[in-house]
Amino acid sequence: MEYFIHIGIVFFIYAILAVSLNLVVGYTGLLSLAHAAFFGIGAYATAILLTKYNINFFVSAGVGMGLAGMASLFIGIVLSKFKDDYYALASLGFNVIVCSFFINLDSITGGVIGIPGIKKPSFFGLEIHSNFAYLILALVFFVIIFLVSRFIVQSSFGRALRAIRDDENALAVFGYKVLNFKLVIFVISAMMAAIAGSLFASYITYIDPSIFTITESVFILTIIILGGLSSLRGSLLGALFLILLPEYLRILGLPNDTAAQVRQIIYGLALIFLMLYRPKGLVGEYEMK
Amino acid sequence: MDMLTQIIFNSLIAGAIYALVALGFNLIYGATKFFNFAHGSIAIAGGYATFYFNKILGVDVYLSVLLGILCAGFLGYISNKLVFSPLRKKKSSHMIFMVASLGILIVIQAVISLIFTSEFQTLSSSLASSKKYIFLTGIITKTQLILFLSVLLIMGLLVLVLKKTMLGKTISAISDSEEIARNIGINSNRVISYVFVIGSAIAGVAGIFVGFDTGISPTMGMSLLLKGVIASIIGGVGNVYGGVLAAFMLGLIENFGVWNFSGEWKDAISFAVLILFLLFRPQGMFGKK
Amino acid sequence: MKKNTWFIVVGIVVVLGIVGFVFNSKKSSGTTKIVALYPLTGGLASWGESSQKSTQLAVDEINAKGGVNGKRLEIVYQDHKCDPKEALSIYQQSLAQSKIFTSSSCSGTVLAIAPSLKNDNSVLLATVVASTKISSSSPLVYRNWVIETKQAEIAGQEIKSLGLKKIGIINEETDFGKGLATGLQNYLKDSGVAVVADSFATGATDIRTQLTKLKAANVEALFIAPQTEASSEVILTQMEELNFKPKLLVNDIILGAPNLIAKHQALLEGARGGNFVSKSDKLQGFLDKYKAKYGADCAHTTACAVAYDTAYMIADAIKANGDSPQGVADYMRSVNYQGVSGTTTFDQANDRSGVGYVLSEIKGGQVQLVK
């Protein structure tokens, strides 16, 4: 049973990451490969505040959101100068740079040694010990984020985002401040990723910089492309599929060396075949331009 | 101060590898206008093919190198034939091309790991036994000297092909505008196929040299490619000389960065340079506005 | 609503598949299972492989002699890929099979599992992890490896006793490499020895400029702290290339890699470092058996010896206290095992004691104790 709870927690964390990235990539059409950086900022902020300063989980998660928000505002402003593949490349560059900070700011982040012994959250002095309680916590966060995302998508703001995605110039002509729209959604998305980071850090209880590299960003992107851009439910399906895939492969009992690579090959082939035959993803509504 | 020459040599060697990646990347980007992530893994595949022929089958070194280059070219051909060409027929967006190429990168990496394990391999039996030359106060090995000369040779040949042959002229025409090229009767699919073969073969040379010089591992493709991409952007995308010059410059910046800070900032420095360039001189050092 | 149906059907099928499987994997009665979490892919795969082969060698021997308490011992090998999240996944998934775990390498994986052990009433014997963070991480983690600070101290003592005034450090940016480098720096803090330190990222293959920098600093000795054999190879090759030949202090990665020593014999001649497994007839006997069984030398002597001993210790624990995790933990608390890696006891922090790092030197391509 513990095992399913574990899978459930990991699923909710990645579902948060996927849904939030979809707001930027799917709904606004900005191919960001920096999501793992914001995931990491949230995780680090929570880990440091919880372990070194004994600050409540919710406060430290809030600080993580704030930091990720500020970082994403800066990064977003720089990225707003770029388009399409240059945007993707520059965002990837920012992920590398943020990761370098995690590695090199030894005194704050612990460098490559990382931060062990991160505590579990507590409510009014009551620590969440059992994984089941943690599952509920993750579920609550996930539901909140999913509902907020759905609200954004269905609001007039969300419609404006899709309009930007489909024809930026037209919208600019109508007097919309396109840059502000892009920035706002980028910051919101980064703050959501930071929450996923907070949950991740206090659940796994150990983080180091290798968790937040561009490989992770590519993985999250794979989730939403598989599930479908511009579809929140698609992101859930993508996350479910890709989180369970390694578990399936382990169960199949392939030799270990093979299993790890087979998993990679499946990721890769999935991307190729989707692009060739179903660029909208499993249940997506939008095709990249 | 007597180490200055050595640092410059180190930079030139690193730069030469980046230059080879940039040359091939530039060529393919010019004709197809998308970021081909698969390019880096094709380079590494070339190195592994040479490793396979030379170290496992015991084929003569020079023949193995030739076979390695052919394998890389062949991979380029196959990736175009099976993935990019069909995508072109569907008039897919550049983003879709890019994601598909990311898929190819992941697949090639995993297949190499499956065959050769994920461990690091060197092509030369022992570099220490390779002959060393001393210029001024710096040391350079024979392999590195050959590498350096090969870059100049390949660059010269490429310029010659592009400027003097019919194929080169059609490539330039397609790079300027594929539509016009098609209208004046150029078989653009065939020409692009050649471009993939030539570009990938040059990438293969890079991978083989990395194998001889320091050693290769399956997952190196991404970082190798990114350095090449950074170089070609700084040099002005599509500019052969610019790309090569920028590659050497990138080598210098990186190594002087390591000299002044520390080894761990290396990648962050390259990306910071890239982002600065994209912001303030997106057309590259030598590009026209 | 077609899309909704589609969505739900796929979701249910995917989830049911996994549920079905896990409930199918029940304990079988004729065997005692132990789960081994090793890095079988990735940069540390060769360590995982050494551990796996040595463990299997021990288990085959134990089973040939009738197993443990009449049951066969079976090890379920799992690949944690050096990824804490993966390790935790495997751990949770494996609880249905066994509550006795052993692991090799990557302190992150141990740290991810440690907090859960108490709740699940399981026990972990970790090997090839030198990080100080693991000390006292859980009363149910026993670390059969000597902590890194002691290794750094050995190098530090050697530097002091040689009266060196300026040394260099190059480390790989991993917790182990970094841990050794900072350990040595802390040890030398007030000694008046100047330290020039640099590092390189895992997977970096061009570290010439870092080495050039150290060469230019005219260091009298260089301490090398790589994480893997591959990165050791990179450092040593490029040192040879640059004609950089200072007095060398190396870590146990290099000391425990015979192939590497043979390949760079000239450069490594006279290099010293700490190693906690020393030559003995018992060790040689084990290494010979290993070679006879697998047709190749063990690539990491220390890791092999410790994995082999650990398997025997777990078997002894089960013999004495039954196959309950608590029984194994109780047994380990007071264990005094004489194995191929020397004496094993555990101290207050559940770290291996009984042996310490001793200074060794590479002479004529062989690792020898310094008297």
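**View 1. Helices and strands of chain B.** Chain B holds eleven helices and two strands, where helices are DSSP runs of H or I with at least four residues and strands are runs of E with at least two, numbered from the N terminus. Along the sequence the order is α-α-α-α-β-β-α-α-α-α-α-α-α. The model is predicted: local features need pLDDT of at least 70, side-chain atom pairs count only at pLDDT 80 or more, and totals for chains, interfaces and linings use all residues. Residues are numbered from 1 along each chain as its sequence is written, chains are lettered from A and ligands numbered from 1 in the order in which they are written, and side-chain values use heavy atoms, without hydrogens and water.

**View 2. Extent and burial of chain B.** The C-alpha atoms fill a box of roughly 60 × 50 × 35 Å along the principal axes. Of the 289 residues of chain B, 62% are buried (under 20% relative accessible area, 1.4 Å probe, protein chains only). Among contacts (heavy atoms within 4.5 Å) between residues at least 6 apart in sequence, 76% join residues at least 24 apart.

**View 3. Contact between chain B and chain C.** Chain B brings 29 residues to this contact and chain C brings 28 residues. About 2,400 Å² is buried between the two chains, with 55% given by carbon and sulfur atoms; buried area is the accessible area (1.4 Å probe) that two parts lose on being put together, summed over both. Met3(B), Phe120(B) and Glu264(B) supply 20% of the area that chain B buries against chain C, more than any other three residues.

Technical notes: Buried < 20%, exposed > 50% of the residue type's maximum accessible area, 1.4 Å probe, protein only.
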